[in-house]
Every structure is written in structure tokens, then in C-alpha cells.
Amino acid sequence: MLADQPARPANMLNIVAINQGAKPLTMQAPRPVPLDARAAGAALDRGAVALDIRAPADFGASHLPEALHVPASSSEFEQRAGWMLPPEGEIFLVAEDERAAQEAAFKLAFVGLDGRVSGFVTMHDWRAGGLAVSTLPQLSVEELWERRKSEGIGVLDVREPSEWREGHLEEASLMSYRQLPARLAELGWSPDEPVAVICATGMRSSTASSVLLRAGFRKVFNVTGGMRAWKQAGFPLTSTPGGR
């Protein structure tokens, strides 16, 4: 019965504890409190994780340093957040507005993460506080094609093995975004090497890119449109094992 089971989510122990009554179950809609830049900065200083729930393009343009990115627009938002977030500790959200933050906290309650959310901050309020911001450069598939020919940029495919087997970029490396936080040392790239991250559409790759940035990688690029755009552009694919 235990053969070929998928990997357990990072917050599985938390879910089990709620099911067993060891941790409280949320009975009302969570309402994260708004934070100003000073409060959000203090949270980061004490080790809290900033979870940016905005769209990939918005995250790429400007985000809090070392923030994790899981777009709330994903149909798997709460599950993906469970994979990316550490098992314990404070979380605060980076959202467009209060409504978006409340909707995200409500979804996080389904996997028992809402109790760790201390509040939310908007990028408008963060920038108003004069605090530092980071960016995630975006690459179109056409730009990736040219850069692979001219400089040999590395490609990290963060889809699942079943998607990989249907076709992938030659010499790309495969590692599911879900496994990335625990397996960073296996990538084989140094923090100074350029890495383009790709998935099916550009959403999971943005999440994976935020993991790399948080780990100290300095030349990370998110491929917009992902493999869907790559196929539509008519660029070549391979079905050989490849990767490293």
C-alpha cells in the first residue's frame, strides 16, 4: 500500500496534528492584520518568512528581498505554499490589498498554515517605507533560445517527471519545484552562474526562482510562458533522459 506514494508535503505533520486535535482547527475566516513597512521589516529581522502571493510579473518587477513567491491565483495555491514554507515559524503575506490577503489566508487555513500568518503588507507600503526591494528578471522563450546559443545559460526545469518525459529542452536539468528547497545542493550550479527556470506556463518557475534567490543565487531568470510558449514558438524538444 505504501509503494509508489507521492512525496509528503512539507506541512504534513502540521495537518496530522490538526486532524488529531493536537493543534487548533480554524473555525472562523482568518483576517490577517495590515502591516506597515516598519512592522514587516521587523518581522523579517526576527526570522519571519515573507510569502508573496501576487502575480509572477508583479513579483518579478519588485519584491521583498528573500521573499518566497506562490501566486494566489494558482488553483493549487495552498498546497504549493505548504511545499515551499518551512514547517515552523512566522509568516506574513505580501499582497495587492487586504481582500487578496484575506482570501489567501482563508485558503491557507485548509492546510493549517493560517495560524502562522501574522499579517500582510503591500508593496506600495513597503516602498513607501524606503526599504530595499529585489527583482526577478523575466526571459521570453525567444530570449532564452538566443542566450542558450550565445552564452550557454543553464536551464532548470521544475515540472514533474511525467511532464518532462513528454518533451523538454536539451541539456536542461530536472528537479520538481516541490523538491527544490530540500535538494538545492544537488543542482550543481554555483550562485554566480546564470540559470533560467522553466515550467509549463511560468508560474511554478517563478516560485522555484524565489527559492533560488532566497538561497543566494544571483543570476536567476524566470521564463515567461514556459514550455507552452516554447512549443508554440516551434523550438526543438527532446525526449531523451538528459539533465543532470
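1. At what angle do helix 4 and helix 5 pack, and how far apart are their axes? In this predicted model, helix 4 (residues 77-84) packs against helix 5 (residues 98-109) at an angle of about 75 degrees, and their axes are 8 Å apart. Because angles of 65 to 115 degrees count as roughly perpendicular, helix 4 is described as roughly perpendicular to helix 5.

2. The residues that form this contact can be named. Helix 4 contributes Phe77, Glu78 and Ala81, which meet Ala104, Lys107 and Leu108 of helix 5. Sorted by class, the contact has 4 nonpolar and 2 charged residues, and no polar ones.

3. The model also contains an open sheet of 5 strands, with parallel pairing and the order 5-9-8-6-7. Strand 5 (138-139) and strand 7 (173-174) are the edge strands, each pairing on one side only. Strand 6 (residues 154-157) pairs with strand 7 in the parallel sense over 2 bridges, and Leu156 stands opposite Ser173 in strand 7.

4. Helix 10 (residues 204-214) packs on this sheet and touches strand 6, strand 8 (195-198) and strand 9 (220-223). The direction of helix 10 makes about 175 degrees with that of strand 9.

5. Attention may now turn to the nonpolar cores. The largest has 50 residues, and those with the most contacts inside it are Leu51, Phe92, Leu93, Leu156 and Leu212. Beyond its neighbours within four places in sequence, Leu212 is in contact with residues including Leu156, Leu180, Val197 and Val220. A second, separate core has 16 residues, among them Leu139, Val141, Trp164 and Ala229. In soluble globular proteins, nonpolar side chains tend to be buried together.

Terms used: Residues are numbered from 1 along each chain as its sequence is written. This is a predicted model: local features need pLDDT of at least 70, side-chain atom pairs count only at pLDDT 80 or more; totals for chains, interfaces and linings use all residues. Side-chain values use heavy atoms; hydrogens and water are left out. Axes are lines fitted to C-alpha atoms, for helices over the stretch in contact, and angles run from 0 to 180 degrees between N-to-C directions. Helices (H or I, at least four residues) and strands (E, at least two) are DSSP runs, numbered from the N terminus. Angles under 35 degrees count as roughly parallel, over 145 as roughly antiparallel, 65 to 115 as roughly perpendicular and the rest as oblique. Contact means heavy atoms within 4.5 Å. Ala, Val, Leu, Ile, Met, Phe, Trp, Tyr, Cys and Pro count as nonpolar, Asp, Glu, Lys and Arg as charged, and the others, Gly among them, as polar. Two strands pair if DSSP finds at least two bridges between them. A nonpolar core is a set of buried Ala, Val, Leu, Ile, Met, Phe, Trp, Tyr and Cys residues joined through side-chain atoms within 4.5 Å. Buried means under 20% relative accessible area, exposed over 50%, partly exposed in between (1.4 Å probe, protein chains only).
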